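Visitor: Could you take a close look at the salt bridges here and walk me through them one by one?

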Amino acid sequence: MVAGTDRVACNPVVEGAAAAVVECREGWPAIGAGLGSRGDDALLRLPGLGRGGPNVLSMEGTQAFKFAVDTVPACMDATPKKAGLTPAAIDFFVFHQANARIIALAVRKYRIPPETYYQNNDRYGNTAAASDPPALSELAEPARAGPGTR
């Protein structure tokens with residue numbers, strides 16, 4: 001934390017990258033998807049960019065957390081609805097692995113049993129945009145989630 005603020009300053013890091021391939025075929029059920037993202041100046045700052053100053057990315061931690069705790073439940077309501085389901089009908093949840101507290105809030109709100117969601121940020125930390133594909137890959141290896149899993 002930067003003294004006197006709720007901003008988190010970070011040392012230079014290398015961002016990860018990952019991809020997930022989703023296959024659709026004739027006769028397979030439709031995929032419901034929802035996006036909840038925000039990258040404006042209220043949440044992310046790079047003050048030195050283009051000004052000759054240090055290029056240090058900082059995140060408004062409190063604002064980002066508030067945004068996430070509102071957005072995750074909104075996506076959990078909207079995404080199954082697009083597929084004609086309710087959150088209770090979902091077999092397995094894979095959350096963005098940015099913050100264990102955000103996942104814990106969603107799990108509590110929806111009373112999601114531990115065996116029906118996955119979490120790996122205890123081992124990798126916040127891998128930012130690259131968090132979901134490794135989690136999906138790890139789930140596929142022991143066949144915890146796969147074809148036919150909602």
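Guide: A salt bridge is taken here as a side-chain nitrogen of Lys or Arg within 4 Å of a carboxyl oxygen of Asp or Glu. The model is predicted, with local features needing pLDDT of at least 70 and side-chain atom pairs counting only at pLDDT 80 or more, while totals for chains, interfaces and linings use all residues. Residues are numbered from 1 along each chain as its sequence is written, and side-chain values use heavy atoms, with hydrogens and water left out.

By this rule the count is 3 salt bridges. Arg 123 pairs with Glu 138, their closest N and O atoms lying 3.0 Å apart; Arg 123 belongs to helix 3 (residues 121–124) and Glu 138 to helix 4, so this pair ties together parts 15 residues apart in sequence (helices are DSSP runs of H or I with at least four residues, strands runs of E with at least two, numbered from the N terminus). Glu 138 is buried, at 16% relative accessibility, whereas Arg 123 is partly exposed at 47% (buried means under 20% relative accessible area, exposed over 50%, partly exposed in between, with a 1.4 Å probe and protein chains only). Arg 123 also meets Asp 122 in a salt bridge, at 3.6 Å from N to O, and Asp 122 is exposed at 62%.

Asp 91 is partly exposed, with a relative accessible area of 32%, and Arg 150 is partly exposed at 45%.
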